[in-house]
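I'm opening my notebook on a new structure today. I'll jot down each thing I look up as I go.

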Amino acid sequence: MKIVGIVCTPRIRGNSEILVKQVLDGATKAGAESEIIFIRDKKIQFCEGCLDCMKTGKCYLTDDMEEIGEKLVASDGIVIGVPTYWTIGGMGVTFLDRLLPYTASGKFANKLAAGIVVGARVAADTAAGVLRRLFIYSHMRPIECVAHYATATGDILKNDYAMKSAWEIGRLMVLFKENNNKYPDEYTYPFSNYIRKKYDIHAY
Ligand SMILES: Cc1cc2nc3c(=O)[nH]c(=O)nc-3n(C[C@H](O)[C@H](O)[C@H](O)COP(=O)(O)O)c2cc1C
């Protein structure tokens, strides 16, 4: 099983990046392979809105999106981490727009998904709503889509709930898949209750 993490923050070791790495660590410790892709290192042009991909399943632009798309299509699960900039920030929007050839042609259907959002104070849940929309549109199986709060680079490390629950999201992605796409018995609780029971940490 392979999980691919997509990091959409321009900040090196940004908060959303730290949490995506936690998810991947949880997944690899549970037996998955993983790969992390930093959108800031890639050349991705803006979607031009021609909508040809709705018919052809392909984008005519040639850039790094083709290689990323192939990796995502070959994966079993995708974790997307975004900072909140109004909603998901320009880097995240550009990336999501260019996923249309894959999402619209059903290439992500039934893949596991997790969404990670970090914001300073407001609208992080609006950003999480954007990722949820992607997952629903693509007929993916979202395991979790969470919003956490932090401002300066690395501040999220002080949030024990965010760190531990991100790690558990990765583990759960693997266990869910191994359990024939059903939540294993230990995870029948809502996720925050599971974290409280296991670590004695309260989400709120
Ligand atoms: C251009 C810009 C816009 C932002 N807009 C918001 C916002 O609307 N709401 C919010 O809570 N935080 C906002 N932030 C703060 C970031 O979401 C916050 O610093 C977050 O920790 C960044 O995550 P990262 O470290 O993964 O980049 C904004 C930051 C920038 C640079």
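**Around the ligand.** I sorted the shell around the ligand by class and got nine nonpolar, eight polar and three charged residues. For the classes, Ala, Val, Leu, Ile, Met, Phe, Trp, Tyr, Cys and Pro count as nonpolar, Asp, Glu, Lys and Arg as charged, and the others, Gly among them, as polar. In total, 20 residues surround the ligand, and the closest are Thr9, Gly14, Ser16, Pro83 and Gly119.

**Ground rules.** I have to remember that this is a predicted model: local features need pLDDT of at least 70, side-chain atom pairs count only at pLDDT 80 or more, and totals for chains, interfaces and linings use all residues. Residues are numbered from 1 along each chain as its sequence is written. Helices (H or I, at least four residues) and strands (E, at least two) are DSSP runs, numbered from the N terminus.

**Strand S3.** I checked S3 (residues 77-83) and found seven of its seven residues buried, so the strand is largely enclosed by the rest of the structure. Buried means 20 or more other C-beta atoms within 10 Å of a residue's own, exposed means 12 or fewer, and partly exposed is in between, with C-beta atoms placed from the backbone. Which way do the residues of S3 point? Gly77, Val79, Gly81 and Pro83 point one way, and Ile78, Ile80 and Val82 the other.

Next I looked at the neighbours of S3. Strands pair if DSSP finds at least two bridges between them. S1 (residues 2-7) runs parallel to S3 and is joined to it by five bridges, while seven bridges link S3 to S4 (residues 112-119), also parallel. Ile78 stands opposite Val4 in S1, and its bridge partner in S4 is Ala113.

**The core.** The largest nonpolar core has 54 residues, and Val23, Val79 and Val117 have the most contacts inside it. Helix H7 (residues 160-178) gives the most to this core, with seven residues. Such a core is a set of buried Ala, Val, Leu, Ile, Met, Phe, Trp, Tyr and Cys residues joined through C-beta atoms within 7 Å. I followed Val23: leaving aside neighbours within four places in sequence, its contacts include Val79, Ile116 and Ile169. Contact here means C-beta atoms, placed from the backbone, within 7 Å.

**Leu131.** This residue lies in helix H6 (residues 124-137). Leu131 has 25 C-beta neighbours inside 10 Å, so it counts as buried. Leu131 and Val82 are 49 residues apart in sequence, but 9.1 Å apart in space, C-alpha to C-alpha.

**Helix H3.** Is Met65 buried or exposed in H3 (residues 65-74)? Met65 is buried, and so are Ile68 and Leu72.

Most residues other than glycine have a negative phi. I noted that Leu51 has a positive phi of about 65 degrees, and Asn180 one of about 55 degrees. Leu51 is exposed, with 10 other C-beta atoms within 10 Å. Asn180 has 6 such neighbours, so it counts as exposed.

Definitions and conventions:
Contact = placed C-beta atoms within 7 Å. Near = placed C-beta within 6 Å.
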